[in-house]
Amino acid sequence: MARKVTMFTAQWGDLPFDELAQKMSDYGYDGLELNCTGYHPNDHFNVRAALEDDSYCDNKRAALHQYGLDCWAISNHCVGQCICDVLDARHKTIVPDYVWGDGNPVGVRERAIEEMKLTARAAQKFGVSVVNGFTGSGIWQWLYSFPPVPQSWIDDGYKALAEYWIPVLDVFQECGVKFALEVHPTEIAFDLYSTQRALEALDGHPAFGFNFDPSHLLWQGVDPVEFIRAFPDRIFHVHVKDAIVTLNGKSGILASHLNFGDRRRGWDFRSPGRGGVNFEEIIRELNVIDYQGPLSVEWEDCGMDREHGAREAVGFVRDMDFAPSKVAFDAAFDNK
């Protein structure tokens, strides 16, 4: 049976839920990965409303079904980012006012922790088993170790991850919901080795795993297939997003402080199938680990009309997905 194809709604936050659902239904998607939007007038999924209004989850599910859609995961990336990050004015723009409060970093972090716990409970009530998101990182700023960074500072970053996130993950476990970190630059886990260390820092917490997104690995030079092989039992969700490396002797992999879409960058995101990600090998490896969850398009391509991209992406994902073989191709030669 083919995996379900969904669309992550974060990049469509300017559209009201009904308009977005109608579009994605018309394009042929099976469902939506709903972004938590308590800070946005267009309600895709509101954590507080889900918990405070007994009819909210049923009504949201009914609204999805009205368009022939379903939902298997929700996402709360931005609130999670505030838990481990070194907080500044940028974070005010990405979280609800009730999380930001007066902007005091201690208070923001405490409120973000509580909001992620509530997100686990809202997911349970809504009937989904995965929440995708970010953790933030207190040590990303020291990625390039000059002036020299004491090893103890890095160690403290992973200790903070455990201190802040284990209580959150305990609530996820109580709710029967998984937290899927999107391994990503600016997170505590951004490549294979930092991911391994994060998992160790959390003592292999059973509620902690990954939203596998190959685009963030590709431009760093990390083979996305090797990531799946390293963490086969922790792939809780999959994003289908592409990227391309465009180094030409002038550009650099750190992108020169140039915005996405600038042709001078050394890499950029692309619509699925339009970049350098080898989705063929990813599907084969997902078959090996028996991943049965959705393939969720996260559409980001500054050089393409997004509606064209969304229509094209659903067809691309369906065409490139396939089930593993149930027989060996040379079984006919086995006389036994």
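**Aromatic rings: a tour**

Start by selecting Lys241 and Phe269: the charged end of Lys241 sits over the ring of Phe269, 4.1 Å from the ring centre. The model on screen is predicted.

Next, select Lys60 and Phe17. Here the charged end of Lys60 lies over the Phe17 ring, 4.1 Å from its centre.

Now turn to ring against ring. The structure holds 17 aromatic pairs. Select Trp142 and Trp153, a tilted pair with 5.0 Å centre to centre and 50° between the planes. Trp142 is in the loop between strand S4 (130-133) and helix H7 (151-175), while Trp153 is in helix H7. The two are 11 residues apart, and the pair links distant parts of the chain. Colour both by accessibility: Trp142 has 26% relative accessibility and so counts as partly exposed. Trp153, at 41% relative accessibility, also counts as partly exposed.

Move on to Phe179 and Phe208. This aromatic pair is stacked, with 6.4 Å centre to centre and 25° between the planes. Show the strands as well: Phe179 lies in strand S5 (residues 178-181) and Phe208 in strand S6 (residues 208-212), so the pair ties together parts that are 29 residues apart in sequence. Phe179 and Phe208 are both buried.

Terms used:
Residues numbered from 1 in each chain as written. Predicted model: local features only at pLDDT ≥ 70, side-chain atom pairs only at ≥ 80, totals over all residues. Heavy atoms only, no water. Phe/Tyr/Trp six-rings, centres within 6.5 Å; stacked < 30°, edge-to-face > 60°. Helix = DSSP H or I, 4+ residues; strand = E, 2+ residues; numbered from the N terminus. Buried < 20%, exposed > 50% of the residue type's maximum accessible area, 1.4 Å probe, protein only. Lys NZ or Arg CZ within 6 Å of the ring centre and 35° of its normal.
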